[in-house]
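Happy to look at this one with you. Let's take it a question at a time.

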Amino acid sequence: MKLILLGAPGAGKGTVAKMLTAIDGSVQISTGDILRGAVKEGTELGKKAQEYMNRGDLVPDDLIMGIMEARLQEPDCANGFLLDGFPRTIPQAEALKALLDRLGIQLDMVVNLDVPREVILDRLTTRRTCSNPECQEIYNVKSKPPKQEGVCDKCGSPVIQRDDETEEAISKRLDTYNEKTAPLADFYRKEGILVDIPATSSEVVVNTIKEKLGIA
Ligand code: AMP
């Protein structure tokens with residue numbers, strides 16, 4: 001499947017994407033995960049992106065398009081991909097459209113995960129993430145704690161609160177989302193490929209996506 005997952009930070013895009021990869025071998029592509037990996041490894045990209053990320057601001061479009069142009073041409077994308085956290089601005093959506101046209105790739109649909117702001121705020125302040133860039137498993141101190149406190153069940157690395165998950169940065173990220181990313185729903189609605197799904201539980205979201213794609 002070839003999908004874009006739209007939704008505010010904390011809407012559950014990452015969790016849903018991970019569940020969908022298990023269905024048909026499509027790969028999850030999260031620009032946030034790629035950027036956090038680059039910051040941790042101290043690469044040029046990471047150095048450029050870090051300040052924007054810690055403030056809760058978006059990283060400039062040209063850096064993001066550089067990442068995505070290379071990533072979408074890697075061989076594992078041939079099985080399908082789930083774009084999680086990208087595109088985030090209208091210029092990114094337009095650049096993606098041109099890129100996909102050039103590569104001869106057609107999207108199946110764009111899923112818009114709809115979650116009330118109070119739910120998002122609660123989820124993000126209680127969210128914890130595996131610090132290993134290769135893993136980045138998501139936990140929640142209330143609803144899904146790791147078996148051993150502070151240690152990832154999957155890879156044993158420390159489970160941490162992200163630098164951009166302080167109350168101040170979260171509030172900034174939600175404002176940025178409303179201003180820059182929410183308009184993408186209309187962009188894709190006009191393209192005729194948008195599906196709105198109320199994101200109450202990840203299982204319901206995944207089942208709805210499967211139904212719409214005609215997968216049993
Ligand atoms: P995420 O994990 O998707 O919430 O992303 C974390 C942070 O990485 C965001 O707050 C942005 O600073 C940056 N980021 C991730 N994806 C993008 C994107 N498509 N465009 C611009 N900045 C991004």
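**Cavity and ligand**

In this predicted model, β1 and α7 (167–181) each give at least two residues to the lining of the largest cavity.

Q: Which residues line the largest cavity, and how do they divide into nonpolar, polar and charged?
A: The lining includes Leu-5, Leu-6, Gly-7, Ala-8 and Pro-9, and also Tyr-177 and Thr-181. Lys-13, Gly-85, Phe-86, Pro-87 and Arg-88 belong to the lining too. Sorted by type, the lining comes to seven nonpolar, three polar and two charged residues.

Q: How much space lies in the largest cavity?
A: The count of cavities of 30 Å³ or more comes to one. The space in the largest cavity is about 50 Å³.

Q: Which element of the chain has the highest mean pLDDT?
A: Across the chain, the mean pLDDT is 93, with 100% of residues at 70 or more. Helix α6 (residues 117–126) sits lowest among the elements, at 87. The highest mean, 98, belongs to strand β1 (residues 2–6).

Q: Which helix gives the most residues to the shell around the ligand?
A: The shell divides into six nonpolar, four polar and six charged residues. With four residues, the top contributor is helix α2 (residues 31–41).

Key: Residues numbered from 1 in each chain as written. Predicted model: local features only at pLDDT ≥ 70, side-chain atom pairs only at ≥ 80, totals over all residues. Heavy atoms only, no water. pLDDT = per-residue confidence, 0-100. Nonpolar A, V, L, I, M, F, W, Y, C, P; charged D, E, K, R; others polar. 1 Å grid on protein atoms, 1.4 Å probe; cavity = no way out; pocket = protein on both sides within 12 Å on 5 of 7 lines; lining within 4 Å. Points joined across faces, edges and corners; volume = space filled by probe spheres on them.
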